[in-house]
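Visitor: Can you walk me through this one? Keep it quick.

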Amino acid sequence: MVLIFKIKFHRWSRTVKRCQSQLKSTILNSAQTSHFEVDIIPNKNVRNWILLQASRGRGSARIAGLQYYDRDLKLSCHEASLPGVSFATHELNNKYQNATVKNVYRKTYDQTASFSFYVDKNYDLIYFFENWMSYIMNEDQVSDEDPKSSFRARYPNTYKSGSISINKFEKDYAGDVLTYNFIDAYPASVDSMQVNYQGSQILSCRVNFNYTRYVVGKIDMETNQESRDNRAEEQRQAEAR
C-alpha cells in the first residue's frame, strides 16, 4: 500500500513540475511594454539644415550631431506605438447561398507612427522637429516672419528618412529583438503641448510620423545608402576629435 502511494505521489510530483515548467515558459514569460528604444536619424540634407538653423539661434549645434540622435533622442523617448497592419478586401455577395465572401487584394499599413519625448531644458528636442518640418516646407528664418510669406514643399526624397525604427526587447535581453523599420518616414505633425500653473510635470512632446510601410527585422545596413552615409559621417567626426 505504501509503495503504491509513493508511486502515485511521484507521478503527481512530476505532473506538477511539468505544469510549472509550461506555466513559466508561456504565461509567466510574457513580453513587457516598458523595454524598447527608438532610432530616429534624419538624412544628410535635413541634418545640414538643422545645423544651419541652430547657427541662427533655433536650438544648439549639438542637435545636428549624430551623437544627439544616437543618445539623447533614444533616452528622451518614453512612449512609442508599434505599427499595425490590415488587409483591404473585396466583397463577393451570394457566391455561396446566403453568404458574403471577403477576399484579400491589398495589404494596408497604419497611416502614422507616434512617438512621445521628454523635453530638455534647452528645448532642443522641440527645435529639432520644428527645424525638420521647416526644411520640408523650405522655410527661411527671415521670410517666415512675414505675414504674407508663402512656401513650397520640397521633393519627398529630400526629407524622408530610412533610418527610423523601434527596437522591442526584454530587460534581461533574453530572446530575439523585435525591430520595426519604417520606410520613407518623416514628421507629419507635432501635437500641442499644454502648460499651466498647476502641479509641475515633465513637458512631453508627441510627434506623429508618416511612412510608406514598415519592415519587421533588421535591414541589411550595407545596402542602405543612408546608413552608409551616417557611418561615414560618424567616422569623420571621430577622426576630428
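Visitor: What does the protein chain average in pLDDT?
Guide: The protein chain averages 80, and 73% of the residues score at least 70. pLDDT is the predictor's confidence in each residue, from 0 to 100. This is a predicted model: local features need pLDDT of at least 70, side-chain atom pairs count only at pLDDT 80 or more, and totals for chains, interfaces and linings use all residues. Residues are numbered from 1 along each chain as its sequence is written, and side-chain values use heavy atoms, with hydrogens and water left out.

Visitor: Where is confidence lowest and highest?
Guide: Lowest in helix α1 (residues 2-25), with a mean of 54. Highest in strand β9 (residues 204-210), at 96. Helices (H or I, at least four residues) and strands (E, at least two) are DSSP runs, numbered from the N terminus.

Visitor: Switching to Phe129. Buried or exposed?
Guide: Phe129 counts as buried because its relative accessibility is 1%. Buried means under 20% relative accessible area, exposed over 50%, partly exposed in between (1.4 Å probe, protein chains only).

Visitor: Which element holds Phe129, and what is Phe129 in contact with?
Guide: Phe129 sits in helix α4 (residues 124-136). Leaving aside neighbours within four places in sequence, Phe129 is in contact with Phe117, Pro187, Val190, Val207 and Phe209. Contact means heavy atoms within 4.5 Å.

Visitor: How many residues apart in sequence are Phe129 and Val207?
Guide: They are 78 residues apart in sequence and 8.1 Å apart in space, C-alpha to C-alpha.

Visitor: And Glu37, where is that?
Guide: Glu37 is in strand β1 (residues 36-41). Glu37 counts as partly exposed because its relative accessibility is 29%.
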